[in-house]
Amino acid sequence: MNATREPKSQPQFGLINLLKAVAAQLIVLHHLAFYGPMADRVRPLLPDLIDWLADTARIAVQVFLVIGGFLAAKSLAPTGQPGMSHPLAAIGHRYGKLAPPFIAATLLAVVASDWASGWMTHDSISPPPTLDQLGAHALLLHGVLGFDSVAAGAWYVAIDFQLYALLMAILWLGGAIAGGRPARWLMPAAVTLGVAVSLLHFNLDAGWDVWALYFFGSYGLGVLAWWAGDRRHRPGFVLALLVMMLIPATVALALDFRSRIALAVLTAGLLVLFGRSTTNSTGRFWSTVNTLGRISYSVFLVHFAVCLLVNAAFTRFVSPEAEPQAFGMAVAWGASLLAGAAFHRWVEVPLGAAVRLLGKLVGGPLAGQGDRFVSVR
């Protein structure tokens, strides 16, 4: 019998996948604790845990914001130089990666809400959406236009798209200013200014939380972290980038401490040190981590519908005591991961392939080939 050679594993950004995997689990558990009757029934049994998940765990989204900026810089401006040749094509490409699976998951959430409403009455169930509301979701404009989200976390996909477009606009404008001349400090300075304005003004006013400027502080720290982590830079340049990251963040935290911003600073620091380090998918641990990181966007998209259905089923058919309801939360968590893996394989990947094929048929350069979710990544 001839021995077959095992395919070599592809190098992965190990830390990024680990952070995405952990943050995705926290987001699922946060929504489980925040929405639905199961958590209310489990709270007397595990009050501190449920309260922590319902409140503090939500800041895990900062990990995705920072990673999103880190990978956007890798994709759009790996050396930190200004300029963007085809910004509209890049924006279209980004939309094509984010929106199709998001639209599919939104329709899934609509079906899940309708089904769950037959088994329970709860304010976590969204009313049937209007056509205008669905159209706003499809355009990733639901928050800006004032429509309620059909599913928990839908706001993030729209914000990720805005942040990517904003970074692209900064790069394009920087290229117009530089006029083809080397401008090593222009983009770091521009992004640092954006971080400062965001952290010291927009992020202090929740009225801006449907716009990218509210979140650009965290996203911009990720962008700067990519540039600062380039080992080819001289130490003096890296030190200057670190100072540009720390000064606005430190001032912002001194003026108004926000745990979410502190987590963003910590995440950016880890990415500077280890974000470019790669690992092979060998061993059970890293294989699991890389898989969870790869499906994190799909898990993020579908988990609300899954958790809603499990909540409804355990409300309708299972005893309301805390112990079986706690088991229901565990079932919802596991089912979210399984559904995310299936959605990634059968929806996200095929839709991505279809979008790429359409791009080739239409023609024209499509910039921005980097990761997302991240974007929901």
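Q: Let's start with Ser198. Which residues does Ser198 touch, leaving out those up to four places away in sequence?
A: Ser198 touches Asn203, Leu213, Tyr214, Phe215, Phe216 and Gly217. Keep in mind that this is a predicted model.

Q: Okay, and where is Ser198 found?
A: Ser198 sits in helix α8, which covers residues 186–200.

Q: Is Ser198 buried or exposed?
A: Ser198 is buried, because its relative accessibility is 1% and buried means under 20%.

Q: What does the side chain of Ser198 reach at 3.5 Å?
A: That would be the backbone nitrogen of Phe216.

Q: And which backbone oxygen lies 2.7 Å from a polar atom of the Ser198 side chain?
A: The backbone oxygen of Leu213 does. Both Leu213 and Phe216 are also among the residues that Ser198 touches.

Q: New topic: helix α5. How far apart are its end C-alpha atoms?
A: They are 42 Å apart.

Q: Where does α5 bend?
A: The bend is at Ala99 and comes to about 30°. A proline, Pro100, follows within four residues of that point.

Q: Can you walk me through some? What does Asp40 pair with?
A: Asp40 forms a salt bridge with Arg43, and their closest N and O atoms are 3.3 Å apart. Arg43 also meets the side chain of Asp51 in a salt bridge, at 2.8 Å from N to O.

Q: How accessible is Asp40?
A: Asp40 has a relative accessible area of 42%, so it counts as partly exposed. Arg43 is partly exposed too, at 25%, and Asp51 is partly exposed at 39%.

Q: Which residue meets Asp230 in a salt bridge?
A: Arg232 does, with 2.8 Å from N to O between the side chains.

Q: Is Asp230 buried or exposed?
A: Asp230 is buried, with a relative accessible area of 5%.

Key:
Residues are numbered from 1 along each chain as its sequence is written. This is a predicted model: local features need pLDDT of at least 70, side-chain atom pairs count only at pLDDT 80 or more; totals for chains, interfaces and linings use all residues. Side-chain values use heavy atoms; hydrogens and water are left out. Helices (H or I, at least four residues) and strands (E, at least two) are DSSP runs, numbered from the N terminus. The expected span of a helix is 1.5 Å times one less than its number of residues. The bend at a residue is the angle between axes fitted to the seven residues ending there and the seven starting there. Buried means under 20% relative accessible area, exposed over 50%, partly exposed in between (1.4 Å probe, protein chains only). A polar contact is a pair of N or O atoms within 3.5 Å; within protein, one must be able to donate a hydrogen and the other to accept it, and residues adjacent in sequence count only if both atoms are side-chain atoms. Contact means heavy atoms within 4.5 Å. A salt bridge is a side-chain nitrogen of Lys or Arg within 4 Å of a carboxyl oxygen of Asp or Glu.
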